[in-house]
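Trainee: I am new to this structure and would like to go through it step by step. Could you take my questions as they come?

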Amino acid sequence: MAIEGLKDLSREQLEELVRIYARNLLALDGMWFQSVEQGQGMDQAMEHDRNVWRHFTETEARRIKQLLDLPEHAGLEGLEQALQFRFAAFANRVTETQREGDSLTFRVVDCRVQSARKRKGMPFHPCKSVGVNEYTYFARTIDDRIECEAISCFPDITDPSCACAWKFYLKPDNTSK
């Protein structure tokens with residue numbers, strides 16, 4: 001019956017509902033992480049976080065790839081399109097993508113996770129190792145030729161103008177020799 005109620009919502013309300021669901025999912029992620037962090041410590045919480053994000057983003061990427069009807073090798077163009085539909089793109093306040101030659105850079109300018117931890121007086125989440133899993137496996141699910149590297153992510157901030165930044169590029173094709 002709940003799906004029936006969606007018909008009564010305006011486009012603006014549906015868009016806001018997507019943002020609400022995205023923020024709720026991010027809040028749920030933070031709550032389970034903090035529960036493990038408080039009960040078992042940061043190392044255990046990070047181990048679980050890396051594992052969860054690897055598998056979650058593979059599922060998320062498969063569903064987005066199907067929704068957008070992307071080809072098997074969607075390339076950086078397909079990845080750029082898919083990144084716009086990630087739940088985190090709707091949850092975080094500001095994200096940016098930029099094409100530079102044969103690479104794509106994705107930046108989270110304002111991260112809800114880090115902002116919430118700062119607001120609560122908590123130390124920043126050491127998210128780089130989680131982000132490596134998250135963005136690498138998302139990209140590889142969109143196109144298994146795509147590689148990912150962290151440009152800037154806590155605790156290794158090299159770009160203070162954003163919360164994190166990731167660079168994607170296609171692996172060189174060594175089969176055409």
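This is a predicted model: local features need pLDDT of at least 70, side-chain atom pairs count only at pLDDT 80 or more; totals for chains, interfaces and linings use all residues.

Trainee: Thanks! Is D69 buried or exposed?

Mentor: Exposed means over 50% relative accessible area. D69 has 66% relative accessibility, so D69 counts as exposed.

Trainee: And what is the phi of D69?

Mentor: D69 is not a glycine. Even so, its phi is positive, at about 55°.

Trainee: Now to the helices. At what angle do helix 3 and helix 7 pack?

Mentor: Two packed helices are described by the angle between their axes and the distance between the axes. Here helix 3 covers residues 42-67 and helix 7 covers residues 128-142. Their axes are 8 Å apart, and the angle is about 25°.

Trainee: Are helix 3 and helix 7 roughly parallel or oblique to each other?

Mentor: Angles under 35 degrees count as roughly parallel, and the angle in this pair is about 25°. The crossing of the two helices is right-handed. Helix 3 and helix 7 are therefore roughly parallel.

Trainee: Which residues of helix 7 make the contact with helix 3?

Mentor: Helix 3 brings M46, D49, R50, W53, R54, T57, E58, E60, A61, R62, I64 and K65 to the contact. The residues of the contact divide into eight nonpolar, four polar and eight charged. On the side of helix 7, the contact is made by S129, V130, N133, E134, Y137, F138, T141 and I142.

Trainee: How is helix 2 placed against helix 6, oblique or roughly parallel?

Mentor: Helix 2 (residues 11-40) and helix 6 (residues 112-119) have their axes 11 Å apart and pack at an angle of about 55°. That angle makes helix 2 oblique to helix 6.

Trainee: Which residues of helix 6 take part in the contact with helix 2?

Mentor: The crossing of helix 2 and helix 6 is right-handed. From helix 2, the contact uses R23, L26, F33, Q34 and E37. Three nonpolar, one polar and four charged residues make up the contact of the two helices. The residues from helix 6 are R112, V113 and R117.

Trainee: How many bridges join strand 1 to strand 2?

Mentor: The two strands run antiparallel, and E100 stands opposite S103 in strand 2. Their hairpin has two residues between the strands, and there G101 takes a positive phi near 65°. The number of bridges joining strand 1 to strand 2 is seven.

Trainee: Is strand 2 largely enclosed by the rest of the structure or left open, and how many of its residues are buried?

Mentor: Buried means under 20% relative accessible area. Strand 2 is largely enclosed by the rest of the structure, because the buried residues number six of the eight.

Trainee: Which residue in strand 4 stands opposite T105?

Mentor: Strand 2 and strand 4 (residues 164-170) run antiparallel and are joined by six bridges. Leaving aside its neighbours within four places in sequence, T105 has contacts that include I151, W166 and K167. The residue opposite T105 is K167.

Trainee: How far apart in space are S152 and A165, C-alpha to C-alpha?

Mentor: S152 lies in strand 3, and its relative accessible area of 0% means that S152 is buried. Not counting residues up to four places away in sequence, S152 touches I157, T158, D159, A163, C164 and A165. S152 and A165 are 13 residues apart in sequence, and their C-alpha distance is 5.0 Å.

Trainee: One last question: which two residues does a cis peptide bond join?

Mentor: Look at the loop between strand 3 and strand 4, where P155 has its place. The bond has an omega of about 15°, and the residues it joins are F154 and P155.

How values were computed. Residues are numbered from 1 along each chain as its sequence is written. Side-chain values use heavy atoms; hydrogens and water are left out. Axes are lines fitted to C-alpha atoms, for helices over the stretch in contact, and angles run from 0 to 180 degrees between N-to-C directions. Helices (H or I, at least four residues) and strands (E, at least two) are DSSP runs, numbered from the N terminus. Angles under 35 degrees count as roughly parallel, over 145 as roughly antiparallel, 65 to 115 as roughly perpendicular and the rest as oblique. A crossing is left-handed if the near helix is turned anticlockwise from the far one by less than a right angle, and right-handed if clockwise. Contact means heavy atoms within 4.5 Å. Ala, Val, Leu, Ile, Met, Phe, Trp, Tyr, Cys and Pro count as nonpolar, Asp, Glu, Lys and Arg as charged, and the others, Gly among them, as polar. Two strands pair if DSSP finds at least two bridges between them. Buried means under 20% relative accessible area, exposed over 50%, partly exposed in between (1.4 Å probe, protein chains only).
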